[in-house]
Amino acid sequence: MIKLVASDLDGTIIDKNNYIYENNLKAIDDLNNHKMNFVICTGKTYPITKQLCSKINASFGIFGNGNQILDLKTGKEIYRKLLSKDIVLKCIDIAKSNNSSIHIYTDKAVISEKLLYLDLRNYILQTSTKSEISMEFKIVDDIKKYVANNDISVCKLVISNDKTTKPISDEILKTLDVSIATIRKFGEYKDFTINKEYEYIDITPKGVTKDTALQILGNYLNIKPNEVLAVGDNLNDFDMVKNAGIGVAVANAYDELKNVASYTTSNPVEKGGFAEAVYKFVKF
């Protein structure tokens with residue numbers, strides 16, 4: 001029996017136009033009405049998703065691809081792990097040597113030298129009239145100097161370019177003790193908000209992933225892995241979907257995710273793939 005439902009946001013519950021299909025909202029309401037634990041698992045930081053979390057009334061939130069777990073009903077922080085300044089500075093050097101864009105997420109701000117990729121997307125969404133984001137965007141002349149000279153808590157670091165980030169990931173993993181999640185925005189997965197194709201990596205402390213955070217939350221709630229339904233669409237959902245009791249890939253998910261999922265929905269995010277998974281596997 002499923003006791004915990006975990007879901008990614010973008011591409012799983014929210015479509016490319018930042019819209020939540022009505023069936024998905026109804027499924028979330030039904031989970032809440034039946035007191036089913038519902039957790040958002042996102043690569044975004046909490047300040048970026050705070051209003052959205054409140055809107056859909058989630059019980060728990062896993063943010064920054066697993067670096068923070070919050071009880072959204074009480075505000076209690078269950079888990080948190082930050083990047084050290086030394087690791088951040090070394091990652092900046094590697095990104096710059098590979099001519100790639102870099103931006104940093106703190107508790108309150110997105111720090112960048114120039115808004116280009118995911119940071120530009122979030123900025124556009126924040127400045128739109130339907131924004132669910134409340135975040136400061138700080139543009140600095142030299143991001144390495146800024147980090148070196150200021151006392152900041154770095155939740156995660158993002159490196160982006162319009163080709164591939166694999167050489168950067170390989171170099172970082174050879175020298176630094178971190179976790180890396182790769183997200184691709186090519187072809188049908190193009191970022192239509194900024195009309196760009198690109199790839200980016202989320203860099204978090206070692207051992208930080210959505211899957212490990214979900215395990216920590218499961219232990220906290222005394223819920224076993226086989227009692228978890230996990231739904232996703234992208235590569236940073238891979239282990240979470242693979243290791244859940246029931247792992248679901250929505251129809252628009254990457255093939256790599258579909259290959260490890262227990263079930264692939266008939267409906268994409270735009271037609272309520274998340275809702276399909278909930279009503280198929282959760283007994284109300």
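Residues are numbered from 1 along each chain as its sequence is written, and side-chain values use heavy atoms, with hydrogens and water left out. Because the model is predicted, local features need pLDDT of at least 70 and side-chain atom pairs count only at pLDDT 80 or more, whereas totals for chains, interfaces and linings use all residues.

The chain contains ten helices and 14 strands; these are DSSP runs numbered from the N terminus, with helices (H or I) of at least four residues and strands (E) of at least two. The radius of gyration, taken over C-alpha atoms, is compared with a globule rule of 2.2 Å times the number of residues to the power 0.38. Its value for the chain is 18 Å, close to the 19 Å that the rule gives for 284 residues, so the chain is as compact as a globular protein of that length. Along the principal axes, the C-alpha atoms fill a box of roughly 55 × 35 × 35 Å. Of the 284 residues, 55% are buried, where buried means under 20% relative accessible area, exposed over 50% and partly exposed in between (1.4 Å probe, protein chains only). A contact is defined by heavy atoms within 4.5 Å. Among contacts between residues at least 6 apart in sequence, 61% join residues at least 24 apart.

An open sheet of eight strands shows mixed pairing and the order β5-β4-β3-β2-β1-β12-β13-β14; two strands pair if DSSP finds at least two bridges between them. At its edges stand β5 (77-80) and β14 (263-264), each with a single partner strand, so one side of each lacks a neighbour in the sheet. Strands β1 and β12 pair in the parallel sense over four bridges, and Val5 has Leu229 in β12 as its bridge partner. Helix α7 (residues 210-221) packs on this sheet, touching β1, β2, β3 (60-63), β4 (68-71), β5 and β12, and its direction makes about 150° with that of β3. Helix α10 also packs on the sheet, where it touches β1, β2, β12, β13 and β14; its direction makes about 160° with that of β12. For these angles, axes are lines fitted to C-alpha atoms, for helices over the stretch in contact, and values run from 0 to 180 degrees between N-to-C directions.

A further open sheet, of six strands, has mixed pairing and the order β8-β7-β6-β9-β11-β10. Its edge strands are β8 (136-139) and β10 (178-185), each with a single partner strand, so one side of each is left without a neighbour in the sheet. Strands β6 (residues 101-106) and β9 (residues 154-161) pair in the antiparallel sense over six bridges, with Ser160 in β9 as the bridge partner of Ser101.

A nonpolar core is a set of buried Ala, Val, Leu, Ile, Met, Phe, Trp, Tyr and Cys residues joined through side-chain atoms within 4.5 Å. The largest such core has 34 residues, and those with the most contacts inside it are Val5, Leu31, Phe38, Leu229, Phe274 and Val282. The largest share of this core, four residues, comes from α10. Beyond its neighbours within four places in sequence, Leu31 is in contact with Val5, Met36, Phe38, Phe274, Val278, Val282 and Phe284. Leu31 is among the buried residues of α1, which pack against β1 (4-7), β2, α2 and α10.
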